[in-house]
Number of protein chains: 2
Amino acid sequence: MIERVGRYTMKLTQGPVITGYAGVAGKKEGEGPLAEDFDFIFEDTTIGEKSWEKAESAMLREAVSRAMDKANKSPSDLDFLLAGDLLDQCISATFGLRGFNIPFLGMYGACSTMALTMSVGALLTEAGASRVCGVGTSSHFCSAERQFRFPLEYGGQRTPTAQWTVTGAGCAILEPSGSGPRITAASIGRICDLGIKDANNMGAAMAPAAAETIASFLEDTKTQPGDYDLILTGDLGYVGSELLLRLLQEQETDIAQVHDDCGMMIFDRDNQDVHAGGSGCGCSGSVLNTNVLKRMAKGELNRVLFVGTGALMSPTSSQQGESIPGIAHAVLIQNQ
Amino acid sequence: MIERVGRYTMKLTQGPVITGYAGVAGKKEGEGPLAEDFDFIFEDTTIGEKSWEKAESAMLREAVSRAMDKANKSPSDLDFLLAGDLLDQCISATFGLRGFNIPFLGMYGACSTMALTMSVGALLTEAGASRVCGVGTSSHFCSAERQFRFPLEYGGQRTPTAQWTVTGAGCAILEPSGSGPRITAASIGRICDLGIKDANNMGAAMAPAAAETIASFLEDTKTQPGDYDLILTGDLGYVGSELLLRLLQEQETDIAQVHDDCGMMIFDRDNQDVHAGGSGCGCSGSVLNTNVLKRMAKGELNRVLFVGTGALMSPTSSQQGESIPGIAHAVLIQNQ
């Protein structure tokens, strides 16, 4: 049953189970601290495809296939796939997943897409609309750079606040019952725009939305940061995470002891030149569905509040002088 | 309660009520056969905004505001807004709706977005996750042309199979109870790709998906075309509609007597130079939320199967030689 608590949060009293999950990543990600956790590491940027966009599609397909395998499911068992990505018209998801012949719910939440698809997938499962569904997302450094910034060949300098788009994809399979952690609450974020216009500082644009969603989730559920083993944002990077902690401290909420961020976890700050950390839908997609859920399976983490953050801009909106609206969706995942 | 029937369809036994709806349109649409039905007709393409993209955002905001007014709701009453559009990274929806401060679910279904948001909104309402939500979408001829085809200034010739992107927006407000027609079933479509590559023939790319969704909906619900007052596709236009009828006839399903298409309804084929008819998210968005729901309110129509169709391509995918995958989602709307 879905029970609304407070203004923005929904409790899922049965709690859909994550019965399978997988994350795949690119070469650079595979050289980082989470190398051991990924289900597969691709050794080149095109994965044998003719373009980076097609490579991204192939990565997402691989993550979905591996997650289905782990849940012991075939495509015909799935009632829905919920997915989206950063590319124009979400072509990574549509082209990557078209061959599965599974009812498809396209979603767009920029880098919050993993949390967005997981929230909606969990709600549909709890409601009895879905018996088995897959939720997932992807991003690719090369396809994102040419989409949002400059052609790679241009060799532009990156600013210190810039984040590095992760080449990776992740997928989770949700079912009403089974073995695995449960999704027991969700909160859909509001669009939050404080007027940040620097497209090389996404962390700053998204931090206020993350602060708002975390604060309202804690208020709605009458819980404290200490009630969670991990409050995981994905992905504010170093600049955005620092801002998030400060924004919450101003409201007398201190999450520093339990906070981590997918964009800080995926790369080695000292030895990998990624400036403010990782970003992209595939960052939280691949980190949540590997390292984090594996630590939950081992019992190292039991109660994780996953807060996916997204910057809802486009190159067109930035060129037209618009600011960058942020959004953050929260999903509570806990061991049974 | 949500009850799964057959392989792809969900019955909504209570049936969320459409308690408010509105559609706005541009000048050309306002000179067409549905002129009397639109809630507002904008007289120029920029609506006083500095760009067509900003104008599209303003149109969507206007449609959402008017729908909320009619349902006697203010933004703070809404649990969710579900919206998306054709622009890269769905900026019409995010920038148009950011000021409302309503939890936002971004969705991408190309021209099927009205049916996609309405299906998911209805499911969330039936499940008790949403007490009041708004579902909507928009498109704009000028922003779509420069996004998907050529700069308007180029003055390119349009092919006979090309559809004309509607400048318009629509929104419906859904609640668990109240006065208005009910959404009593929904079916989420699969991605269907028969290899059509002509970006100027979207109707042909989408018709197979529409045929598949309509056929499986009829099979799942054990109903016949004659059980509906209207099977409304949105939007295949003239070329795609003809193909749809033929594809269904090959399966011995004849919907000709009850079929109409938003893309055929919105323009006057003889006197408005639109070739194969209207298209764009705002086409079914504005036609459903004006003419069709008004005819339901008058009792001229009692049982409407609305089948939103989308072409899930991007300029990048077409430039890379990809075909155009189609999708169609069905929503059954009936008077109480």
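Predicted model: local features only at pLDDT ≥ 70, side-chain atom pairs only at ≥ 80, totals over all residues.
Visitor: How many residues does the contact take from chain B?

Guide: The contact draws on both chains, with 59 residues from chain A. The count from chain B is 59 residues.

Visitor: What area do chain B and chain A bury between them?

Guide: The size of an interface is often given as the accessible area lost when the parts come together. Of the area buried here, 58% is on carbon and sulfur atoms. Between them, chain B and chain A bury about 4,900 Å².

Visitor: Which residue of chain B meets Asp193(A) in a salt bridge?

Guide: Between chain B and chain A there are 10 salt bridges. There are also 28 residue pairs in polar contact, both at pLDDT 80 or more. In one of the salt bridges the distance from N to O is 2.5 Å, and the side chain that meets Asp193(A) is that of Arg98(B).

Visitor: Which element gives the largest share of the side of chain B that touches chain A?

Guide: Several elements of chain B each supply at least two residues of that side, including strand S1 (2-5), helix H2 (52-70) and helix H4 (113-126). The residues of that side divide into 30 nonpolar, 16 polar and 13 charged. The largest share is 4 residues, and it comes from H4(B).

Visitor: How many of the residues of H5(B) are buried?

Guide: The buried residues of H5(B) include Phe141(B), Cys142(B) and Phe148(B). They pack against H2, strand S7 (133-139), strand S8 (164-165) and H10 of chain B. H5(B) is mostly covered, and the number of its 8 residues that are buried is 7.

Visitor: What is the angle between the planes of Phe141(B) and Trp164(B)?

Guide: Over all chains, the structure holds 8 aromatic pairs. In one of them, Phe141(B) and Trp164(B) are stacked, 3.9 Å centre to centre. Phe141(B) lies in helix H5 and Trp164(B) in strand S8 of chain B, 23 residues apart, and both are buried. The angle between their planes is 5°.

Visitor: Why is the pair of Phe150(B) and Tyr154(B) tilted?

Guide: The ring centres of Phe150(B) and Tyr154(B) are 5.0 Å apart. Planes under 30 degrees apart count as stacked and over 60 as edge-to-face, the rest being tilted. The pair is tilted because its planes stand at 35°.

Technical notes
Residues numbered from 1 in each chain as written. Chains lettered and ligands numbered in written order. Heavy atoms only, no water. Contact = heavy atoms within 4.5 Å. Buried area = accessible area lost by both parts, 1.4 Å probe. Salt bridge = Lys/Arg side-chain N within 4 Å of Asp/Glu carboxyl O. Polar contact = N/O pair within 3.5 Å; in protein donor to acceptor, adjacent residues only side chain to side chain. Nonpolar A, V, L, I, M, F, W, Y, C, P; charged D, E, K, R; others polar. Buried < 20%, exposed > 50% of the residue type's maximum accessible area, 1.4 Å probe, protein only. Phe/Tyr/Trp six-rings, centres within 6.5 Å; stacked < 30°, edge-to-face > 60°.
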